[in-house]
Amino acid sequence: MKKEEKDLIIAKIGQELENYSCFYLVETTGLNAEETSALRRECFNNDIKLLVVKNTLLHKALEKSQKDYSEIYSALHGSTSIMFSNVGNAPAKLLKKVIKKNATLPALKAAYVEETVYLGADQLDTLSHIKSKNELIADVIALLQSPAKNVVSALSSGGGKLHGILETLSKKEG
């Protein structure tokens, strides 16, 4: 491969690193053609971009990035596929689903989610339970709405009592 081609690939990988908020490095070597095709189809259906990359080119793209990916370098060995997504737990959920069918492959090597690095296949359960940004925002909104809902509920359920209390208080003042 010529240097110009390598530079183009490094630039493309770098562009993808900038476009997506998280990525997973996975081992897919043991998958046959049918399983690989099914994995690609599942990735497409779940809005996940799957690329097979050379470790040296990925390493160079990571080095050129403005973020510090140095913790991930130790996972760059063997065959590497990279899964890009804007939802932190989507690739983990997909990998768990595929692993149920194939026993061990594809295997998680590392993941970069919301500026945190996860190394090793044992992190897959943790990654699948991470909430997305939208889920966290929904939780915060629900927590903020809860006290207001309780007040409205109390006022509406005791409507007759509240009216009686207010009438009694107004008579005492007069």
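Modeller: A residue is called buried under 20% relative accessible area, exposed over 50% and partly exposed in between, using a 1.4 Å probe and protein chains only. The model is predicted, so local features need pLDDT of at least 70 and side-chain atom pairs count only at pLDDT 80 or more, whereas totals for chains, interfaces and linings use all residues. Residues are numbered from 1 along each chain as its sequence is written, and side-chain values use heavy atoms, with hydrogens and water left out.

Biologist: Why is Phe23 called buried?

Modeller: Its relative accessible area is 2%, and the limit is under 20%; Phe23 is therefore buried. Phe84, at 1%, also counts as buried, as does Tyr112 at 6%. Across the protein, buried residues make up 34% of the 174 residues.

Biologist: What makes Phe23 and Phe84 a tilted pair?

Modeller: Rings of Phe, Tyr and Trp (its six-membered ring) pair if their centres lie within 6.5 Å; planes under 30 degrees apart count as stacked, over 60 as edge-to-face and the rest as tilted. This rule gives 5 aromatic pairs. For Phe23 and Phe84 the centres are 6.3 Å apart and the planes stand at 55 degrees, so the pair is tilted. Phe23 belongs to strand S1 and Phe84 to strand S3, so this pair ties together parts 61 residues apart in sequence. Strands here are DSSP runs of E with at least two residues and helices are runs of H or I with at least four, numbered from the N terminus.

Biologist: How is the pair of Phe23 and Tyr112 classed, and which strands hold the two residues?

Modeller: With 5.6 Å from centre to centre and 20 degrees between the planes, the pair is stacked. Tyr112 lies in strand S4 (residues 107-113) and Phe23 in S1, so parts 89 residues apart in sequence are tied together. Ring pairs link Tyr20, Phe23, Tyr69, Phe84 and Tyr112 into a cluster.

Biologist: Why are S2 and S5 called edge strands?

Modeller: Two strands pair if DSSP finds at least two bridges between them. The open sheet of 5 strands has the order S2-S3-S1-S4-S5, with antiparallel pairing; S2 and S5 (116-119) each pair on one side only. S4 and S5 are joined by 4 bridges, and at least two are required, so these strands count as paired. Tyr112 has Val117 in S5 as its bridge partner.

Biologist: Which strands does helix H4 touch?

Modeller: H4 (residues 90-102) packs on the sheet and touches S1, S3 and S4, where contact means heavy atoms within 4.5 Å. Its direction makes about 130 degrees with that of S3. Helix H1 lies across S1, S2 and S3, at about 145 degrees to S2. Such angles run from 0 to 180 degrees between N-to-C directions, with axes fitted to C-alpha atoms, for helices over the stretch in contact.

Biologist: How do you know that the buried residues of helix H3 line one face?

Modeller: The buried residues of H3 (residues 55-64) are Asn55, Leu57, Leu58, Ala61 and Leu62. Viewed down the axis, they fall within an arc of 160 degrees, so they line one face of the helix; the arc is that of the directions from the helix axis to the C-beta atoms. Thr56 and Lys64, on the other side, are exposed. The buried residues pack against H1 (3-19), S1 (22-27), S2 (49-53) and S3 (80-85).
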